[in-house]
Amino acid sequence: MKKRNGLLMLVFALLLSLGLAGCSGSQSSGTDEGGKDSGTDSGGETAAGGTLVFGRSGDSDALDPAVTTEGESFKVTVNIFETLINFGEQDTEIQPGLATEWEESEDGLKHTLKLREGVKFHDGTDFNAEAVVFNFNRWKAGNKEEFYYYASQFGDVLTEVKAVDDYTVEFTLSRPIAPFLKNLAMSPFGIASPAAVEKAGDKFTDSPVGTGPFKFKEWKRNDRVVVEKNPDYWQEGLPKLDSVIFRVIPENSARLNALSTGEVDLIDGVSFSDVGQIEGNADLQLFDRPSMNVGYLGLTNTRGPLKDKKVRQALNYAVDKQALIDAFYSGYAEPAKNPMPPGIAGYNDEVQDYEYNPEKAKELLKEAGYENGFEMELWAMPVARPYMPDGQKVAEAIQANFADVGVKAKIVSYEWGTYLDKANKGEADSFLLGWTGDNGDADNFLYVLLDQDTIGSNNYTYYKNQEVHDLLIKAQTLTDQAEREALYKQAQLIIKDDAPWIPLVHSNPVLAGKADITGFKPHPTGSDLLSSVEFKK
C-alpha cells in the first residue's frame, strides 16, 4: 500500500494553527492570494455570536448537495455537510476532513480511509463507516439525472464501498481515477445522516442533516435560507457565529445598496465597476476570491446551423472578447481561449485563440451555406456569477457582434432553475453559462463539461468527440501527472477546432462586506465555509 500522509498533514495543520490568528476551521490553513484586505486579521477583539446576513444573487435549487450542480446550493450546503477529504482554506490541496488518513494500493484500485471518531450528525446519530457506505450506495443506486456529480466523477468505476470496521472504509475501483481523493473533497459528496434521509425520503433536500458547523433551520424559497450554530460540532470553539441568513437579492446594485445600508453584512457578485466605490467606503471591505473559473457561450451542437463546425467557428471569430472585458469586467478578467483557466495543470497555452475577425466569420458562414446569416436564440443568464456579472448586458453585446456578421440572435431568459433545466435538455441554441472548478483538476473542467459521458449532466452543448473522450478517460487512469497533462493539452487542441463553446473570460471574483467582518476566506471553488467568521467588537 502507498501510504498517504493524511495524519501527518493533520498534525502539521494543528501545529500551524497555533501561530495563526483567525485561522481555525475544518479546512487547514491556506494562503491569502488577494491583494486587498482579506478580513482575516481582526486588528482587535472580536464579539462572539451574532448573525451574518449573506446577500446573494439567486436562490438554491436544492439543499441536498448530491442532487445539484448549482453554486448557490453549495454555498449553503458546505456549511451544513462535510466531506471525507477537505480542501485547503484557499486552495484545492487535499487535507483531512471526516477522514483523518488514507492509503492507496499500488495499482490504484483500492483506497482505504480512516474516519474521524466522535462525530455526530445534527440529528444526534453517529457518523461512522456504515454512514459513509449508506451515502455512496444511495448515490450509486440513483439515476444519472438525479445524482449528476456521482455519475460523472465515479459512476460505474467505483464498484464497491465497504465498511472494514466502525471507522474504516475501503473503496474499490475497476480502474484508477487519478483525482479520486480530490473528487471526495467536492461539495456534492457531503455525508448526510442515513436516518434523516430515510425519514425524509424525497423531501430530504428541504430538510438537510449533516455533520457541519451549522444546522439547517428554514428555507423560504426565493427569499432566504437560515442556518444556525451546531452546538455539538466536533471542532471546539466553532462556529463563531450563532446563525447565518442567506438572502436572495437578484440585482447587483440592490445587493450593494443593502450592504451599504446595513441590511446585509456580506455580498458576492460585486459588479466590477463598483469596486472603486467600495474601496472608498471606510465602513466596507473587499475580499478577493482566488480565480478558478471560465465564462462561456455554449453552442448546442445538435441544433440547426450549430450542427456545422464551420458555423461554430464563425461565431467564435465574431465575438470581441476584449470589448466584453473592458465594458463589464473593469480589468478583473482575461480573455479565455480554453475551457479551463491557466492556473490548472494541463492548460495548453500553445492553443491559438479565435481572434476577433468579423470578415473571417462571414467567410466561414458563406462556406457553410449561410452567406445571408440565420436566426437563432441567445440565452442570457438571469443571475450574476463571478464569471458573468451581468448576463443580459453581455448577451446584448454578443448579439451586436453576431448582427455584424449577419446572424440575428434573439435574447431569451428564464428564471434560474428553469434556465438550467431547459439548457440541460438541449433546448437552447446558444446559452451563457460558466463554471467554477470543484477540485482544481483538469478533469473537472474538460471531462465534466465536454465529455460525451456527461451529456445530460454538465455537458449542456451535447458535444461528442470519440477522440476527446478516449484522451480524457486515459488521463483519468494515469498516475503520472506529466502524462496526464500531455493528454489534456492534446484534448484542448481538438476542442478548440470543434468549437462547441465560445470561451469568453476567466474572471477574478470580488466580494464585499462590512469592515468589522473577520475570518472570512473566500474559496476558489465558490463554496465558502463560514465557521471561522466573526465580527470585531
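Q: Over the ring of which residue does the charged end of lysine 496 sit, and how far is it from the centre of that ring?
A: This model is predicted. In it, the charged end of lysine 496 lies 4.4 Å from a ring centre.

Q: Over which ring does the charged end of arginine 221 sit?
A: Arginine 221 places its charged end over a ring, at 3.6 Å from the ring centre. That ring is the one of tryptophan 219.

Q: How many helices and how many strands are there in the protein chain, and how does its radius of gyration relate to the globule rule?
A: The chain holds 16 helices and 23 strands. For 537 residues the globule rule gives 24 Å, and the chain is close to this value, so it is as compact as a globular protein of that length. Along the principal axes, its C-alpha atoms fill a box of roughly 70 × 55 × 40 Å. The radius of gyration itself is 23 Å.

Q: What percentage of the contacts in the protein chain with a separation of 6 or more is between residues 24 or more positions apart?
A: Of the 537 residues, 60% count as buried. Among contacts with a separation of 6 or more, the share from residues 24 or more positions apart is 72%.

Q: Which strands are the edge strands of the open sheet of six strands?
A: The order of the strands in this sheet is E16-E20-E15-E19-E17-E18, with mixed pairing. An edge strand here pairs on one side only. The two that do this are strand E16 (333-335) and strand E18 (408-412).

Q: By what angle are neighbouring strands of this six-stranded sheet turned against each other on average?
A: The sheet is open and has mixed pairing.

Q: Which residue in E19 is the bridge partner of leucine 378?
A: Strands of a sheet pair through backbone hydrogen bonds, either parallel or antiparallel. Strand E17 (residues 375-379) and strand E19 (residues 430-436) run parallel and are joined by two bridges. The partner of leucine 378 in E19 is serine 430.

Q: What angle does the direction of helix H9 make with that of E20?
A: Helix H9 (residues 309-318) packs on the sheet and touches strand E15 (293-299), E17 and strand E20 (501-507). Its direction makes an angle with that of E20 of about 35°.

Q: Across which strands does helix H13 lie, and at what angle does it run to E19?
A: Helix H13 covers residues 416-424 and lies across E17 and E19. Its angle to E19 is about 105°.

Q: Why is the pair of tyrosine 296 and phenylalanine 431 edge-to-face, and how many residues apart in sequence are the parts that it ties together?
A: The count of aromatic pairs comes to 27. The ring centres of tyrosine 296 and phenylalanine 431 are 6.2 Å apart and the planes stand at 75°, so the pair is edge-to-face, as planes over 60 degrees apart count as such. Tyrosine 296 lies in strand E15 and phenylalanine 431 in strand E19, so the parts tied together are 135 residues apart in sequence.

Q: Are tyrosine 296 and phenylalanine 431 buried or exposed?
A: A residue counts as buried under 20% relative accessible area. Tyrosine 296 has 2%, and phenylalanine 431 has 0%. Tyrosine 296 is therefore buried, and phenylalanine 431 is likewise buried.

Q: Which residue in E21 stands opposite isoleucine 267?
A: Strand E13 (residues 266-267) pairs with E21 in the antiparallel sense over two bridges. Strand E14 (residues 284-288) also runs antiparallel to E21, joined by five bridges, and leucine 286 stands opposite alanine 512. The residue opposite isoleucine 267 is alanine 512.

Q: How many of the five residues of strand E21 are buried?
A: Strand E21 spans residues 510-514 and is mostly covered. The number of buried residues is four.

Q: Where does phenylalanine 204 lie, and is it buried or exposed?
A: Phenylalanine 204 lies in the loop between helix H6 (194-200) and strand E10 (214-220). Residues that it touches include Asp64, Phe81 and Arg138. Its relative accessible area is 1%, so phenylalanine 204 is buried.

Q: With which residues is threonine 77 in contact, leaving aside its neighbours within four places in sequence?
A: Threonine 77 lies in helix H2 (residues 71-77). At 2% relative accessibility it counts as buried. Its contacts beyond those neighbours are Leu63 and Pro65.

Conventions:
Residues numbered from 1 in each chain as written. Predicted model: local features only at pLDDT ≥ 70, side-chain atom pairs only at ≥ 80, totals over all residues. Heavy atoms only, no water. Buried < 20%, exposed > 50% of the residue type's maximum accessible area, 1.4 Å probe, protein only. Contact = heavy atoms within 4.5 Å. Pairing = 2+ DSSP bridges. Axes fitted to C-alpha atoms, helices over the stretch in contact; angles between N-to-C directions. Phe/Tyr/Trp six-rings, centres within 6.5 Å; stacked < 30°, edge-to-face > 60°. Lys NZ or Arg CZ within 6 Å of the ring centre and 35° of its normal. Rg over C-alpha atoms; globule rule 2.2 N^0.38 Å.
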